[in-house]
Amino acid sequence: MRILIVEDNVALADELTADLKRAGYAVDWLADGRDALIQGAVEPYDLILLDVGLPGKSGLEILREWRATQMHCPVLILTARDHWAERIEGLKAGADDYLTKPFHPEELQLRIQALLRRVHGRVNQPQIHAGGLQLDEARQCVVNDSEHIELTAAEFSLLRYLMLHEGKIISKTQLNDHLYNGETERDSNVIEVHINHLRRKLGKDLIETKRGQGYRLQKN
Amino acid sequence: MNSIQQRLGIGLVGLLIITGLVLAQISFWLLDQGLRRYWQTHLHHEAETLLAALVRGANGVELDQQRLSASYKRPYSGAYFVVVFPEQQWRSRSSWDYHLPLPKTRGLHAGLVDGPEAEELLVYRADFRRYGNNIQIITAQDYTPILQSFHRWQWISAGIGMIALILLVLVQRYLVQRALLPLEKVRVQIAQLQQGQRSLLDQPTLDELKPLVEQINHLLHHTEDTLSRSRNALGNLGHALKTPLAILFSLANRHELNAHPELRDQFRQQLQSMQERISRELGRARLAGEVLPGAYFDCAKELPDLCSTLQQIHQRNLQLEWRAEPGMRLPWDREDILELLGNLLDNACKWAHQKVAINIVLEHAHYVITIDDDGPGIAPELREQVLTRGARLDEQIQGHGLGLGIVRDIVEHCRGKLALETSPLGGLRALILLPAIRT
């Protein structure tokens, strides 16, 4: 899952980036509204955290322009302005959720999880169920037939992406785009290595390789 | 005497009556003087005629009856004379048994002299010298018919004056009303302003009203500006305080602190209370209440947005219903009411199983707002406690009552009442009464 943080406060952005990386997300950070407008529309993000008060262009303006060009990426607004009038304005501009500062980091994690699941048409459950597995996002481990299997950070984010796209063929490019941020060197071998690790831990049949197309998590 | 109409009316009528009376008096006086002068000439002529009629006869000087006009012969005809010789007097036959008082000076006698049969006489004395004698010839003429016609004319002119006065007053009333029409329009607009049906006054056509209306509009702009500036400033302040708080929250969550759970909990607790204090005080400070007359809450426009926002926030299969009369507007600042309803609806949505309903009606000069849910509700004995919990911040239990705290602030600001009851839907009903008539 790749997340864009648009936040002009460096200290907060650092904290958010660290928190989200720990939670297994690939994170890009931008501080200027004008950069965010372009990059948010071009790069394949799974979710955008958008601050309202930004230099260059306000968060709501950016959001309106994105939505006017049929950009559907879920957007969670972060703002210090917690009044209902502003909340309504934000959601009318096309935001999917609204979180007011200051927030607890757990709250943000839960909102992000809920938002990502909703985008993939899943009901809001504490864990992701797919392919006969349950993924515990808080502890970053997977439960298979009441057996807890520990995962590395890379394996966890790969498996989460596949589980959220259960039954769909995912290309290597797509995995590269969504699992790594803009600064990481893209190397397709890495993905293959992690897929093999997952197969070793969870069973060979779980992830199917479609030659020339990509991978697919078996629907259970 | 508080109406311009009355003041102008009384002023005008008073002035007209005084001027009318003075003018009438002066014109009657002038006419009277003119007539008397005319009569003076006439009486002088009469005296000269009488003088000419004095002839030397067989028994000395006598009056030639042939030359006398007939009116001197008919008793009480209104024309009299006395010819005074040093030794004797001749009176006209018309004076009959009446003795004309003899004026002491020559010329027309000032004032009228009582004559026979209630006549009032103009008396003229001319002095001559003839046949070696000083002769005074006094002629008199009845002035009553002219006085009578004067009186008649006085009555007629008074009547005409009255009618003219009434007409004038009516015309003046009409003109004043027409002239004050723009003022009345402004008054109606100000009333609308107070009811929140408009945000500015229309520019009047009347030059005299323009400065007033411009001043009022300027004031409105100024208030609006001040409010939005202070709200912006508060927003910026909030932003400046809350972003570092968010960082601190995140820092407090660092796993390095897990080794010192006591420290971490203290840290978090203090952060929490800081956050709540800031939210509450900033929320209270930005309340507008009745500051802006043009700002109002349009139910049909705002409630659907609010409901869909809540639906999006809560992401459950909640049925949110709103009911208000078509075109209903609450005459308070839009953002205040949004804050009030948003917090109460948010609470209702948190607790509801399926249904949340908001209903706004105008009853007996009060806007009655009910927010119902079908959740577990609150036991009657605990309701008071819930309501007062947000009232004093220092007694507030951590993490609770904050939403209700700002709700209480807003309700108090609007001089309304807030109560918790049992809802017909089974859960809690928040009941708010807001007085419709502003004082």
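Predicted model: local features only at pLDDT ≥ 70, side-chain atom pairs only at ≥ 80, totals over all residues.
Colleague: Which residues of helix 1 and helix 5 of chain A meet, and how many of them are nonpolar, polar or charged?

Modeller: From helix 1 of chain A come A:L16, A:D19 and A:L20, and they meet A:P105, A:L108, A:Q109 and A:I112 of helix 5 of chain A. Sorted by class, this contact has five nonpolar residues, one polar residue and one charged residue. Asp counts as charged, so A:D19 is the charged one, while A:Q109 is the polar one because Gln is among the residues that count as polar.

Colleague: Why are helix 6 of chain A and helix 7 of chain A also described as oblique to each other?

Modeller: The axes of helix 6 (residues 153-164) and helix 7 (residues 172-179) of chain A come within 11 Å and cross at roughly 120°. The range for roughly perpendicular ends at 115 degrees, and roughly antiparallel begins over 145, so an angle of roughly 120° lies between the two and the helices are oblique to each other. Helix 6 of chain A passes helix 7 of chain A in a right-handed crossing, and the contact involves A:S157, A:L158, A:Y161 and A:L162 of helix 6 together with A:Q174, A:L175, A:H178 and A:L179 of helix 7. By class, there are five nonpolar and three polar residues in that contact, and no charged ones.

Colleague: Turning to the sheets, why do strand 2 and strand 5 of chain A count as edges?

Modeller: Five strands of chain A form an open sheet with parallel pairing, in the order 2-1-3-4-5. Strand 2 (26-30) and strand 5 (97-100) of chain A each have a single partner strand, so one side of each is left without a neighbour in the sheet. From one strand to the next, the twist averages 20°.

Colleague: How do you know that strand 1 of chain A and strand 2 of chain A pair?

Modeller: Pairing needs at least two bridges, and strand 1 (residues 2-6) of chain A has five bridges with strand 2 of chain A, in the parallel sense, so the two strands qualify as a pair. For instance, A:R2 stands opposite A:A26 in strand 2 of chain A. Helix 2 (residues 33-42) of chain A packs on this sheet, where it touches strand 1, strand 2 and strand 3 (47-51) of chain A, and its direction makes about 145° with that of strand 2.

Colleague: In which order do the strands of the antiparallel sheet of chain A stand, and what leaves one side of strand 6 and of strand 9 without a neighbour?

Modeller: This open sheet has four strands in the order 6-7-8-9, paired in the antiparallel sense. Strand 6 (128-130) and strand 9 (147-150) of chain A stand at the edges with a single partner strand each, so one side of each lacks a neighbour in the sheet. Here the twist averages 25° from one strand to the next. Strand 7 (residues 133-136) and strand 8 (residues 141-144) of chain A share three bridges; at least two are needed, so these strands pair. A:D136 has A:C141 of strand 8 as its bridge partner. Helix 6 of chain A lies across strand 6, strand 7 and strand 8 of chain A and runs at about 125° to strand 7.

Colleague: What is joined by a cis peptide bond, and which three residues supply 26% of the area that chain A buries against chain B?

Modeller: The cis bond joins A:K101 and A:P102, with omega about -10°, and A:P102 is in the loop between strand 5 and helix 5 of chain A. Chain A and chain B bury about 2,900 Å² between them, with 56% of it on carbon and sulfur atoms. A:E15, A:W84 and A:P102 supply the 26% share of chain A, more than any other three residues. The contact takes 27 residues from chain A and 35 residues from chain B.

How values were computed. Residues numbered from 1 in each chain as written. Chains lettered and ligands numbered in written order. Heavy atoms only, no water. Axes fitted to C-alpha atoms, helices over the stretch in contact; angles between N-to-C directions. Parallel < 35°, antiparallel > 145°, perpendicular 65-115°, else oblique. Left-handed = near helix turned anticlockwise from the far one by under 90°. Contact = heavy atoms within 4.5 Å. Buried area = accessible area lost by both parts, 1.4 Å probe.
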